[in-house]
Amino acid sequence: MSTTTAMTNPGHDRVATHTLLAALVLGVAGDILFRDVGPFGVGLSIWVGLLGLSAVALNRHARPKWRRTLIVWSCVAFTATLNPVLRATEELIPLTLLVLLLCAASLLMQARGVRLLAATITDHLRCVLRVPVEVVLGILPILGKVSLFGAGMSLRVRGILRGLMLVTPLMLIFIALFSAADAVFERYVSRLGDVFLFDTPRHILMVLMIGWVAAGLLACTFQRDSNEAMSARSFPAGNTPRLPRKVGDEETAVIMGSLVALFVVFVVLQASYLFGGRELIEQTSGLSLAAYARRGFFELLAVSALTLAVLLSMSILQCNQRLFRPLAGVLVACVLLILISAVQRLGLYIDAFGLTFSRVFALAFILWLACNLLSFALTILRGHSDGFASGLVLSGIAIIMLLGAANPAAVVAQVNLERTIAAGQRLDTHYLISLGADVVPQLMKRFDALPEAEQCQIAIALYHRWHPEKNEDAKQAMQDWRGWNASRSRARRLVMAREDQFQQIITEQRARAGGVSVPRKEGPKF
């Protein structure tokens with residue numbers, strides 16, 4: 001599969017050279033930023049920022065509109081990388097990677113000449129699948145534009161390269177002879193050899209791998225010439241011919257009418273106890289509150305998502321719109337009511353058993369579905385498909401960004417702590433502590449209001465996990481700026497501020513285990 005870039009005339013071989021140099025710099029930066037600490041942290045934000053600056057610099061001669069597009073998507077990608085820096089919730093990392101993939105795919109799609117608002121779902125899917133191919137193969141056409149020993153290389157540079165090739169074997173021979181002649185020299189050469197044998201190849205490999213990826217991503221940012229645009233369409237935007245009708249009037253009436261009848265019956269049955277509360281639910285459904293919520297919630301989500309997929313498929317097949325649109329409008333209204341029922345079930349379940357990550361993410365998914373059902377009604381059902389497909393992508397990116405900004409771990413901790421303090425319900429301290437550093441401020445804020453048993457469990461767990469003197473990872477994170485994280489840094493400060501109180505609780509717990517009574521001191525109020 002060939003990758004065509006905007007570098008199609010002889011003058012663009014200089015752009016290819018600059019692209020390779022930028023990719024090499026990004027490879028070196030990646031080796032420095034990611035080595036020994038991993039890619040998810042401050043290093044990723046810096047690297048993505050450098051990638052965006054490189055893309056804008058390489059496209060400095062492009063049209064101003066395209067440069068603005070590059071800047072906007074680069075800013076979105078950079079903002080998404082702040083999630084692993086500001087939050088310690090590992091579940092946000094896959095969502096952050098999804099946002100980065102969607103940003104790259106949207107840039108690639110627009111570079112192909114497809115307008116964002118005119119893009120179809122097929123355009124977005126094709127570009128999402130194409131991004132990994134570009135990452136792997138995007139560097140090849142760039143390499144084809146650069147001739148290392150071509151006429152463009154100066155005689156001086158070629159002379160230096162020939163000299164290095166000739167002197168390298170001589171240097172190896174002399175080093176071997178000197179090592180045999182002197183033990184001290186041999187020891188130094190041996191140490192240097194260890195570095196070259198182990199560290200240097202590893203660094204070189206990492207630089208090359210990251211640089212290769214960077215070159216592929218930079219290749220996605222070059223606009224294609226109009227005669228070489230890799231658009232999935234063979235037609236200008238906005239002039240795509242209508243597909244032949246594949247679903248007849250009878251089929252449309254049967255499919256949509258059957259679905260509408262089924263959904264209306266379900267919604268009517270749900271309405272009888274949708275707002276009736278716990279007693280009416282148990283009397284009507286014959287199920288306990290837990291069984292009712294657990295049984296129906298994810299099924300209703302699956303129904304809503306599948307219905308949206310069916311509506312999109314019917315609209316793409318160009319069925320009879322006079323039959324399809326009114327029935328689809330009723331179906332959309334029914335699905336929105338079903339989503340309300342799903343939220344109500346989830347609310348009952350949270351009241352009874354507390355909040356978890358999966359329930360927060362489910363609420364975010366419901367919000368995304370509801371937004372796109374309304375978008376479907378306002379665009380496709382009105383005969384205007386422009387903007388719907390991109391709305392799917394942009395609303396997904398926006399909800400992921402809002403999810404990171406809302407700090408879901410802290411929300412989970414706040415809800416569960418309030419349930420324990422206000423209603424005296426059991427607190428799952430092991431689950432809360434497993435959520436990481438994001439929950440520590442909420443635990444410290446309400447620590448003194450918790451029952452003594454929960455205080456003891458929380459104090460022991462937090463003290464040994466976040467105090468630098470008790471946890472080697474926490475100590476190393478304080479010494480390496482690349483591993484800095486806002487939530488983890490704050491958690492360490494809060495735990496160290498309560499060090500005396502936690503030590504008193506731990507001492508008291510050990511004394512009780514040994515049968516000794518120790519008076520408890522009052523800790524600081526936060």
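Colleague: I've just opened this one. Is the crossing of α5 and α15 left-handed or right-handed?

Modeller: Left-handed, for α5 and α15. Keep in mind that this is a predicted model.

Colleague: And how do I describe a pair of packed helices beyond handedness?

Modeller: In general, two packed helices are described by the angle between their axes and the distance between the axes. Here, helix α5 covers residues 92–111 and helix α15 covers residues 388–406. Their axes cross at roughly 145° and come within 10 Å.

Colleague: Which residues make the contact between α5 and α15?

Modeller: From α5, look for Leu 92, Leu 95, Leu 98, Val 99, Leu 102 and Ser 106. From α15, pick out Val 393, Ile 397, Ile 400, Leu 403 and Gly 404. Sorted by class, that gives nine nonpolar residues, two polar ones and no charged ones.

Colleague: Let me try another pair. At what angle do α19 and α21 pack?

Modeller: About 120°, with the axes 10 Å apart. You'll find α19 at residues 452–466 and α21 at residues 486–497. Because of that angle, α19 counts as oblique to α21. As for handedness, α19 and α21 cross in a left-handed way.

Colleague: Which residues of α19 and α21 meet?

Modeller: On the α19 side, Leu 462, Tyr 463 and Trp 466; on the α21 side, Arg 488, Ala 491, Arg 492 and Val 495. The classes in this contact are five nonpolar, two charged and no polar.

Colleague: Now the inside. How many residues does the largest nonpolar core have?

Modeller: It has 67. Phe 324, Phe 376, Met 444, Ile 458 and Leu 462 have the most contacts inside that core. Helix α13, residues 321–353, supplies the largest share of it, with 11 residues. There's also a second, separate core of 45 residues, including Leu 58, Ala 80, Leu 108 and Phe 222.

Colleague: Take Ile 458. What is Ile 458 in contact with, leaving aside neighbours within four places in sequence?

Modeller: Leu 427, Thr 429, Ile 433, Leu 443, Met 444, Phe 447 and Leu 450.

Colleague: Let's zoom out. How many helices and strands are there in the protein?

Modeller: Count 22 helices and zero strands. Of the 526 residues, 43% count as buried.

Colleague: What share of the contacts with a separation of 6 or more comes from residues 24 or more positions apart?

Modeller: That share is 77%.

Terms used: Residues are numbered from 1 along each chain as its sequence is written. This is a predicted model: local features need pLDDT of at least 70, side-chain atom pairs count only at pLDDT 80 or more; totals for chains, interfaces and linings use all residues. Side-chain values use heavy atoms; hydrogens and water are left out. A nonpolar core is a set of buried Ala, Val, Leu, Ile, Met, Phe, Trp, Tyr and Cys residues joined through side-chain atoms within 4.5 Å. Buried means under 20% relative accessible area, exposed over 50%, partly exposed in between (1.4 Å probe, protein chains only). Helices (H or I, at least four residues) and strands (E, at least two) are DSSP runs, numbered from the N terminus. Contact means heavy atoms within 4.5 Å. Axes are lines fitted to C-alpha atoms, for helices over the stretch in contact, and angles run from 0 to 180 degrees between N-to-C directions. Angles under 35 degrees count as roughly parallel, over 145 as roughly antiparallel, 65 to 115 as roughly perpendicular and the rest as oblique. A crossing is left-handed if the near helix is turned anticlockwise from the far one by less than a right angle, and right-handed if clockwise. Ala, Val, Leu, Ile, Met, Phe, Trp, Tyr, Cys and Pro count as nonpolar, Asp, Glu, Lys and Arg as charged, and the others, Gly among them, as polar.
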